[in-house]
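Please find below a colleague's note on the structure shown here.

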Amino acid sequence: MANAGIQLLGFSLAFLGFIGGIASTIMVEWKASSYAGDNIITAQALYEGLWKSCASQSTGQVQCKVYDSLLQLPGLLALVGTSWYAHRIAQDFYNPFTPTNSRYEFGSALFVGWGAAFLIIIGGGFLCCNCPKKGSGAPRYPQTNPASNSSKDYV
């Protein structure tokens, strides 16, 4: 029964990772505006996601705009896309030619995406470790005896 427990754990972790991957893809906060520099007090925060960009006012009002073109959509797979997008954010943040007021930091969707990718990898690893080896165990289907079939003659 330990194998069934490992299978259930692997499936559960992979399923939670799948749900987290969907949540990460839907979230708007892939990039969050940075408060680096001289002007720390700001009245709004800017967020960018895979599907739209949003501005949150200090009054609590949030305004979002869906991207006009599909060519503006970055991001591709759970782990690769999340890490690639994080690399782009870090590269722009440390670029000396990027203005201070347009620098972004990691948003919460990146952390959800990394956690989801981790759960998918761990869950898949549990499922792969539980696979039977080739040539081990009983055959899947009962083998038929060819001699028993030839003993009956039908006319």
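1. Five strands make up an open sheet in the order 4-3-2-1-5, with antiparallel pairing. Strand 4 (62–66) and strand 5 (104–106) are the edge strands, each pairing on one side only. From one strand to the next, the twist averages 25 degrees. Two strands are taken to pair if DSSP finds at least two bridges between them. Axes are lines fitted to C-alpha atoms (for helices, over the stretch in contact), and angles run from 0 to 180 degrees between N-to-C directions.

2. The model is predicted: local features need pLDDT of at least 70, side-chain atom pairs count only at pLDDT 80 or more, and totals for chains, interfaces and linings use all residues. Residues are numbered from 1 along each chain as its sequence is written, and side-chain values use heavy atoms, with hydrogens and water left out.

3. The protein contains four helices and five strands, arranged from the N terminus as α-β-β-β-β-α-β-α-α. Helices (H or I, at least four residues) and strands (E, at least two) are DSSP runs numbered from the N terminus.

4. Strand 2 and strand 3 (residues 52–57) run antiparallel and are joined by five bridges. The two strands form a hairpin, with three residues between them. Within this pairing, glutamine 44 stands opposite glutamine 57 in strand 3, and glutamate 48 faces serine 53 of strand 3.

5. Strand 1 pairs with strand 2 over two bridges, again in the antiparallel sense. Here lysine 31 has glutamate 48 in strand 2 as its bridge partner.

6. Which side chains meet in a salt bridge? Those of glutamate 48 and lysine 31 do, at 3.4 Å from N to O. This pair links distant parts of the chain, since glutamate 48 lies in strand 2 (residues 44–48) and lysine 31 in strand 1 (residues 31–33), 17 residues apart. The count comes to one salt bridge, where the term requires a side-chain nitrogen of Lys or Arg within 4 Å of a carboxyl oxygen of Asp or Glu. Side chains of opposite charge can pair when their charged atoms come close.

7. Are the two partners buried or exposed? Lysine 31 is buried, with a relative accessible area of 13%, whereas glutamate 48 is partly exposed at 21%. Buried means under 20% relative accessible area, exposed over 50%, and partly exposed in between (1.4 Å probe, protein chains only).

8. A nonpolar patch on the surface is formed by Phe11, Phe15, Phe18, Ile19, Ile22, Ile26 and Leu127, with about 670 Å² of accessible area together. Helix 1 (residues 2–26) supplies the largest share, six residues. Phenylalanine 18 is located in helix 1 and is partly exposed, with a relative accessible area of 48%. Patches are made of residues with over 30% relative accessible area and no salt bridge; like charges are joined within 9 Å, and nonpolar side chains (Val, Leu, Ile, Met, Phe, Trp, Tyr) within 5 Å.

9. Of the 155 residues of the protein, 24% count as buried. The accessible surface comes to about 11,400 Å², of which 64% belongs to carbon and sulfur atoms; areas come from the Shrake-Rupley method with a 1.4 Å probe, and for residues only the protein chains shown count as cover.
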